[in-house]
Amino acid sequence: MKIGASTLAVFKYGLYNCLGFYEDNNIEYVELLHDYPLRDMDTEILNSFNLKYTIHSPIIDMNICSLNPSIREASINEIKHSLDLANSLDVNIVVVHPGHIPFLGQGLEDKIDKLNIDAISEIGKYADDLGVNAVIENMPLIQGFTYTNLEDITNLLYDLGMSMCLDIGHANTAGYTANEMYSPLIKHIHVHDNLGDDDSHMSIGDGNVDFKTLLDTFEKNKYDGIYMVEVNKVDSIKRSVKKLREYEKTANI
C-alpha cells in the first residue's frame, strides 16, 4: 500500500523545509503542488531528498476551457509545463483539473464542454508523448465546476484512453458512497474527508466518508496507485497518514 501526502498544507514554508517535513515523518510519496511559490522548483533540492514524487499541475488562475482563447492557451501551457517537469524528474503521475464554467458562461455550457474535452485530449496526447500519465481529477459539487459526476468523467476518460485521479472528498460532496467510487480507470487517489456539504479537506475520520469500505474495495481490486493525503493542516497530514498505516496493518496488506 503506497501512502503519501500533498504539499498543499506546507507549500508556503519553502521547498527545502517543505520536503524535510515529509522525510522527517517517513512519508515516502510526496505530491508537489506545482504552483506559486513552488512553480519554479530547484530540481537539485528535489533530488537531494529520498522521496518519490507526483505532481499536481497549477490551479491558480487556471481554466483550460476558458472562452477567452488567450487564457485557455496559457492554462494548457501551464499544465504542459508541469508535464515537462515530470518528464525531467522521471515522475509518472501529473494530476490535472478540468476547466470550469465562469459566471458569464452560463447558457454556453455546450461550447465550454467541447473546449474542455478538446483541452483534456490535447493534454493527454502531450503527456503520452513524454511518457507521463496525466490523470484527470473529479471536481467537488460547487457551482461552475465541471466533471463532478463520476460517470461523466469515467466515460470521457474511457473514450480518450486516459486515467483518472479520484478525489474522495470531492466525490463525497457530490453524494457518492464509498461503494460507488471505484473505477478501474483510477490510477491515483486524493484522500481527505468532509461532511458532504463543503470541500473542506479534513483529516480522515473528521467527516462522514466510510474509508474502511472504500479502502477495502480498492485493495480487493488490487489498486496499485498511491493514496495521497490532501488536507489543509499539518496535523491533519500526520493523523491521516497514521490512520492509513493502521488500516494497512489490520488489513494484512
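Which residues in helix 1 (residues 15-24) are buried? I started my notebook with that one. The model is predicted, so I kept this in mind for everything below.

**Helix 1**

I looked up burial along the helix and found L15, C18, L19, G20, F21 and Y22 on the buried list. Next I checked what lies over them. The cover includes strand 1, strand 2, helix 2, strand 3 and helix 8 (234-250). I recalled that an α-helix has 3.6 residues a turn, so residues three or four places apart point the same way.

How many strands make up the closed barrel? I get eight, running 1-2-3-4-5-6-7-8, and the pairing is parallel. Ignoring direction, neighbouring strands in this sheet are turned by 30 degrees against each other on average. I then zoomed in on one pair: strand 1 (residues 2-6) and strand 2 are joined in the parallel sense over three bridges. In that region G4 sits opposite Y29 of strand 2. I also noted helix 5 (residues 150-160), which packs on the sheet and touches strand 5 (133-137) and strand 6 (163-167). The direction of helix 5 makes about 160 degrees with that of strand 6.

I went looking for a cis peptide bond and noted the one from Y36 to P37, with omega near 5 degrees. P37 belongs to the loop between strand 2 (29-33) and helix 2 (43-48).

Then I turned to positive phi in residues other than glycine. D90 has phi near 60 degrees, and this residue is in the loop between helix 3 (69-89) and strand 4 (93-96). H201 has phi near 50 degrees, and its place is the loop between strand 7 (186-191) and helix 7 (211-220).

Are these two buried or exposed? D90 has a relative accessible area of 71%, which is over 50%, so I wrote it down as exposed. H201 comes out at 10%, which is under 20%, so I wrote it down as buried.

**Pockets**

What is the volume of the largest pocket? I read about 420 Å³. Its lining has 28 residues, and those nearest the centre are H56, I59, H97, M139 and F145. I sorted the lining of this largest pocket by type and got 13 nonpolar, eleven polar and four charged residues.

The second largest pocket has a volume of about 160 Å³. I count 14 residues in its lining, with Y53, T54, N92, I93 and I226 lying nearest the centre. Which elements give two or more residues to that lining? They are strand 3 (52-56) and strand 7. Strand 3 provides the largest share, three residues. By type, the lining of the second largest pocket divides into five nonpolar, five polar and four charged residues.

**Cross-references**

I went back over my entries for elements that turn up under several headings. Strand 3 is among the elements covering the buried residues of helix 1, and strand 3 also lines the second largest pocket. Strand 7 contributes to the lining of the second largest pocket, and the loop with H201 runs from strand 7 to helix 7.

How values were computed
Residues are numbered from 1 along each chain as its sequence is written. This is a predicted model: local features need pLDDT of at least 70, side-chain atom pairs count only at pLDDT 80 or more; totals for chains, interfaces and linings use all residues. Side-chain values use heavy atoms; hydrogens and water are left out. Helices (H or I, at least four residues) and strands (E, at least two) are DSSP runs, numbered from the N terminus. Buried means under 20% relative accessible area, exposed over 50%, partly exposed in between (1.4 Å probe, protein chains only). On a 1 Å grid over the protein atoms alone, a cavity is a set of points where a 1.4 Å probe fits but cannot get out, and a pocket is an open set with protein on both sides within 12 Å along at least five of seven lines; lining residues have an atom within 4 Å of a point. Grid points are joined across faces, edges and corners, and a volume is the space filled by probe spheres set on the points. Ala, Val, Leu, Ile, Met, Phe, Trp, Tyr, Cys and Pro count as nonpolar, Asp, Glu, Lys and Arg as charged, and the others, Gly among them, as polar. Two strands pair if DSSP finds at least two bridges between them. Axes are lines fitted to C-alpha atoms, for helices over the stretch in contact, and angles run from 0 to 180 degrees between N-to-C directions. Contact means heavy atoms within 4.5 Å.
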